Every structure is written in C-alpha cells, then in structure tokens.
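Here's a quick tour of one protein chain, from its overall build down to the spaces inside. Have a look at the model first.

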Amino acid sequence: MRTLALNDELLLKIDKPARYIGNEVNSVMKNPDSVDIRFAMCFPDVYEIGMSHLGIQILYDMFNQRDDVYCERVYSPWTDLHPLLKEKKIPLFALESQDPIRDFDFLGITIQYEMCYTNIVQILDLSQIPILAKDRKGRDPFVIGGGPCVYNPEPLADFFDLFYIGEGETSYDALFTIYKEWKASGAERRDFLKKAANVPGIYVPSLYEVSYQKDGTIQKFSPVEEGIPETIEKQVVMELTEASYPKKPLVPFIKVTQDRVVLEIQRGCIRGCRFCQAGMIYRPTREKDVSVLKQYAYNMLKYTGQDEISLSSLSSSDYSKLKELVMYLIEEFKGKGVNISLPSLRIDAFSLDVMGKVQDIKKSSLTFAPEAGSQRLRDVINKGLTEEVILNGAKEAFAGGWNKVKLYFMLGLPTETKEDREAIAELADQIAVRYYEIPKDQRNGKCQITISTSFFVPKPFTPFQWVGMYPKEHYLDCAKTVSEAVKHQRNKKSIRYNWHEADVTVLEGVFARGDRRLGRTILRAYEKGCLFDAWSDYFRNEIWMEAFKETGIDPDFYTLRERKEDEIFPWDFIDAGVTKPFLRREYENALAGKVTKNCRAACSGCGAGKYQGGVCVEDKDSV
C-alpha cells in the first residue's frame with residue numbers, strides 16, 4: 001500500500017488535494033524495484049493544465065509498455081503547496097509512487113510555452129535536484145526537455161542535461177538502451193552524455209560552446225570536442241497510424257482544462273501560414289488511417305467513461321477522411337450521451353452541417369480565425385482566407401441558426417498599418433450585416449460577435465524569425481485603434497472586443513528568440529518570486545525587469561532588433577526539416593504580399609520532402 005507524500009494535515013491546508021494524490025483511473029502502478037529505469041514525466045504547470053496535454057499521455061503509455069521502464073507523472077505544485085514543501089523540506093514527488101523525483105533516473109519536462117520557464121526552475125528546486133546542470137553529480141537524475149519550445153532550447157541550456165528535438169516516439173528506445181549500459185558500467189556522468197549526443201534528435205548543451213561578436217550576436221556555435229554532431233536533426237514519426245497511442249488514457253479525479261478524450265487524426269499542416277511555428281516544425285503532414293481512428297475512439301470512450309471526444313489536428317478540415325470519420329462518430333455514439341468536439345474546422349457547408357448535428361446551436365458559437373483584418377495583410381501572412389470566404393461562411397452559419405461568432409486576430413504583424421487594424425472592426429461589422437440580411441423571423445435572437453486580439457510574437461523556424469517586435473506601448477496603441485474603430489461601426493452594439501496585455505508578449509518574444517545568456521535572468525526572476533507567469537494573476541512584469549537589470553541583460557536586444565539576413569540564430573544548429581533559404585524566401589514573399597500555395601496544391605520546396613511521406617511529394621518544377 002502506498003504512503004502519501006503529504007499527510008492529512010498538509011492535504012487539509014491546500015486547495016484541491018486531488019492534484020497530488022495520484023491513483024487516477026488508468027494510471028499505471030508498477031513495483032519500482034523491478035524496473036531498470038524510472039522516468040518522471042513533468043508538465044511545468046498546474047495539474048489541470050498538465051493532465052490535458054496529449055503528448056504526455058502518449059509518452060506515458062509508450063514508456064509504460066516497456067517492462068524495464070516505470071514512467072510516473074509530476075506537475076507544478078500550486079502556490080498554496082509550494083511554500084509548504086519548502087518549509088517542511090518535503091522533496092517534490094511523483095503521483096504514482098509518491099517517491100521523491102530526485103531518486104529517479106530521468107526527469108522529462110515538456111516545454112510548451114515560454115512563460116513556464118520559471119516553473120521549470122521551481123520543479124528542480126522543489127525536487128532538491130541541483131538547478132544548474134553543471135552542478136549535478138553521479139546519480140542525480142538526467143533532466144531532459146522536449147516540446148515545441150526546444151526548437152530554441154538555448155535560454156534553458158543551463159538547466160537541462162539533454163533536449164529531445166522532435167517527436168518522442170522515435171529515439172527514446174535507443175536512449176534508454178544507452179542509459180542502461182552506462183548505469184551498469186559505473187562510468188562518469190559525462191560519458192553517458194557523450195553517448196547520448198549521438199542518438200538522433202538528442203542535444204546535449206554542455207557539449208557545445210558559443211562565442212559572441214562585439215554587437216552581441218552569435219559569432220560561432222560548435223561542439224567542444226570531436227565526435228559530437230554539429231547539427232541535430234528533428235525526429236519525425238512517418239508511420240503515424242502504427243505509432244504508439246493510449247487506448248486507456250488517464251482520467252483525472254477533478255475537472256481539468258480539456259476534460260475529454262482526444263483523438264489525434266493527423267500531424268502537420270499543409271497551409272503554410274507564415275506566423276505559425278507549429279505549421280513549420282511539424283511538417284510534413286501525416287494522416288492516421290480512418291479505420292484505426294474509429295477503433296481508438298471506441299476503446300478510449302469505453303475505458304475512460306468520458307462523455308466527450310475531440311479531434312486533434314492543426315487543421316482538421318484538411319484530413320482527407322474527415323467526413324467518413326465524423327459521420328461514423330455521429331452514428332456510433334448517437335443517443336449515448338457522447339458529445340463530439342470539432343476544433344480547427346474551416347466554416348464551409350459540410351462543417352456547418354456536421355456542427356449542427358453535434359452542437360446545441362442556441363448555446364454554441366462559431367470560431368473564425370482570420371488573423372488579420374485586411375486582405376492585404378492576410379496575404380502577407382499567407383493565411384489563405386479571403387474576405388468572400390469569411391463572409392459567405394458567416395452568412396451560411398447565420399442561415400443555419402447560429403448567432404454567436406468569435407473572431408481571432410493578431411496585432412503587431414509585419415508591415416501592419418493603422419488601416420489594417422481598423423479593418424478588423426470593419427470585418428466584424430460586415431459579418432454582422434450578413435446576420436441582419438436574414439429575415440427577422442429566421443434569426444436566432446440577437447447577433448453577438450466577439451473580437452479577440454493577441455499580439456504577434458515572431459518564432460524560430462518561421463519566415464518572420466528575422467523581424468523585430470515593437471515596444472509594449474505600440475501594442476497597446478494597436479489595441480486602442482481597434483477599440484476606437486469598433487465604436488464607429490454601424491452594428492457596434494453587436495460587437496465586443498477583448499485584448500491581451502502587452503507585457504507578457506514582450507517577455508515571450510525575449511525567450512522565443514533568445515540565447516543561453518538568458519539562463520541567469522530566468523534563475524534570478526525565480527529567486528525574486530516569479531512563478532506561474534502564464535497566469536495573469538501571478539505575472540509580475542516589474543520583477544522581471546529588475547531581474548534583467550540585475551543580470552546585465554537588455555531585453556530590447558532580443559525583441560526590437562531586426563535580424564540581418566546572414567545572422568547566426570541560437571537555433572541554427574537544429575535541422576527542423578524546413579530550410580533557412582526557404583524561410584527567407586517566404587519572408588521576402590511576405591514583404592511582397594505574394595501568396596504561396598498550400599502543400600497539396602503545389603510544393604514550395606520547404607525541405608520537408610526529404611522525409612518522403614504524408615502529403616508532401618516534392619515537385620521541383622513548382623519550386
């Protein structure tokens with residue numbers, strides 16, 4: 001019988017003790033003494049967020065299929081438990097066994113968002129693992145990072161022993177084999193790191209050094225000794241249908257952010273939006289076989305008791321068997337109390353018909369993501385969405401019974417003008433006009449249009465990785481322009497406008513394209529109390545600015561500055577499939593307002609064709 005790491009007295013002092021007790025439905029229980037490798041899988045945010053992450057569910061299931069590995073979970077303790085662990089000197093523990101993380105072989109941290117970086121330091125601190133990788137000795141756990149943020153891992157280089165770049169299903173078996181051999185040999189810690197550095201997709205930051213020019217840009221990035229690869233190639237699962245996927249997902253005891261079964265239908269995206277990092281780094285697009293998806297859907301609902309299933313994809317409408325899959329789900333689970341969630345759909349006749357069958361139209365709203373208000377700016381970002389398509393989609397939706405529409409835009413995009421920002425309000429007004437063109441007796445109440453804007457952050461491996469950002473005052477002025485423009489629309493009473501704060505955007509931009517000099521700032525910010533920075537109630541920008549000043553870092557160097565064409569980026573050692581010449585070409589196409597066709601229409605020569613699969617078939621004549 002397990003002994004809980006927190007006694008009853010402590011559990012009564014904190015909110016939602018179920019975050020920390022484990023033993024959820026479908027959690028895996030093994031004898032720790034009967035395995036060779038103990039792996040703590042961490043999501044550096046609160047339990048409700050981490051339990052909603054599909055990637056952890058996949059790796060948790062995959063690792064635990066092995067008899068020699070026991071994978072457990074750990075999440076960031078909330079702000080009520082954090083001080084208690086420090087005060088009582090209780091080391092952070094895994095949910096399944098309740099054993100201290102410091103006793104594990106690996107601590108794997110998925111890094112989904114730049115604003116969780118201080119939470120990563122928190123995990124190390126509370127685990128009583130040396131925070132800096134250089135201070136770890138002997139049998140201290142090897143700390144390995146994965147996820148989208150490791151496409152620029154450099155700001156976190158001080159804290160990690162290894163990074164896994166790409167999709168986790170491909171190289172972990174090789175890494176575990178090397179680890180078991182090393183563990184049995186009794187060799188030095190560095191010997192394992194050197195061997196791990198030659199596993200495809202594994203980056204060991206301590207085995208590389210960086211030199212800088214007088215202007216602060218990178219002069220050279222190279223291995224510290226022979227036998228260490230100069231380039232790390234991302235790992236890609238080409239046979240997605242056969243890849244590991246959990247038939248029995250974990251079921252939380254408490255309500256979490258995404259409290260449903262998730263069915264991954266494909267990876268990658270054919271669209272090529274120039275602002276979208278995911279659309280670039282997850283190329284090429286690969287689909288799962290529809291017959292396998294049907295079986296997964298049935299099994300996951302059976303073994304979890306969940307009452308909702310969601311299709312996961314960057315662009316579900318591009319899945320070639322979408323109609324067959326959706327109609328199966330509707331027919332199979334009709335009358336069984338199962339809701340079907342269909343995110344990432346384009347608003348066309350088929351999508352509206354399907355959503356009308358699976359949603360309560362009177363309660364639900366439709367989501368459009370034009371990203372930019374004007375057609376000119378949508379062409380710059382290669383959104384591939386015309387005003388005619390948007391307005392026709394809205395009109396069809398209103399005719400089908402909807403009256404609520406959510407519109408998502410970005411502000412601060414490259415080449416953006418005041419007219420582009422005002423066009424956001426004008427587009428919303430045009431959508432409202434389409435509603436009031438419907439005869440009164442056919443309308444479903446009042447028209448409600450909600451505009452939401454976020455501020456654009458240029459990310460690595462996108463065509464906009466060269467552009468500079470704006471000061472936060474500019475972003476706020478952008479939001480004010482939209483707000484004022486809404487007030488001048490004919491249908492202003494039907495339009496609501498929400499926008500995000502600018503401070504978080506600037507900090508996100510610093511870490512998205514920063515280098516390893518930023519590690520000391522992250523550590524200092526944590527020491528000064530920064531934690532849960534992704535949560536607006538806890539974000540403290542003034543403390544971050546103090547941390548930058550105290551560590552001698554100018555954040556403007558990473559945000560306001562436009563990069564030179566030939567500048568060495570901190571992430572240039574990574575081969576992400578898409579090539580730097582392609583991204584530069586797309587940047588120049590953006591400045592010219594030139595649209596690039598999607599991957600099914602024509603190959604743009606991005607470089608991902610080397611993986612030879614999915615919808616990506618290189619056509620040299622189209623490059």
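How many helices and strands does the protein have?

## Overall build

There are 20 helices and 19 strands in the protein, and keep in mind that this is a predicted model. The radius of gyration is 25 Å, close to the 25 Å that the globule rule gives for 623 residues, so the protein is as compact as a globular protein of that length. Along the principal axes, the C-alpha atoms fill a box of roughly 75 × 65 × 55 Å.

Of the 623 residues, 59% are buried. Take the contacts with a separation of 6 or more: 77% of them are between residues 24 or more positions apart.

## Closed spaces

The model has four cavities of 30 Å³ or more. The largest cavity holds about 90 Å³ of space. Its lining takes in 14 residues, with Asp 515, Phe 557, Arg 561, Glu 567 and Pro 570 nearest the centre. Sorted by class, that lining has six nonpolar, two polar and six charged residues.

Now for the second largest pocket, with a volume of about 360 Å³. This pocket is lined by 18 residues, and Leu 132, Ala 133, Lys 134, Asp 158 and Ser 206 lie nearest its centre. Helix H7 (189-196) and helix H17 (519-527) are the elements that give two or more residues to the lining. By class, the pocket lining splits into eight nonpolar, two polar and eight charged residues.

Methods
Residues are numbered from 1 along each chain as its sequence is written. This is a predicted model: local features need pLDDT of at least 70, side-chain atom pairs count only at pLDDT 80 or more; totals for chains, interfaces and linings use all residues. Side-chain values use heavy atoms; hydrogens and water are left out. On a 1 Å grid over the protein atoms alone, a cavity is a set of points where a 1.4 Å probe fits but cannot get out, and a pocket is an open set with protein on both sides within 12 Å along at least five of seven lines; lining residues have an atom within 4 Å of a point. Grid points are joined across faces, edges and corners, and a volume is the space filled by probe spheres set on the points. Ala, Val, Leu, Ile, Met, Phe, Trp, Tyr, Cys and Pro count as nonpolar, Asp, Glu, Lys and Arg as charged, and the others, Gly among them, as polar. Helices (H or I, at least four residues) and strands (E, at least two) are DSSP runs, numbered from the N terminus. The radius of gyration is taken over C-alpha atoms; the globule rule is 2.2 Å times the number of residues to the power 0.38. Buried means under 20% relative accessible area, exposed over 50%, partly exposed in between (1.4 Å probe, protein chains only). Contact means heavy atoms within 4.5 Å.
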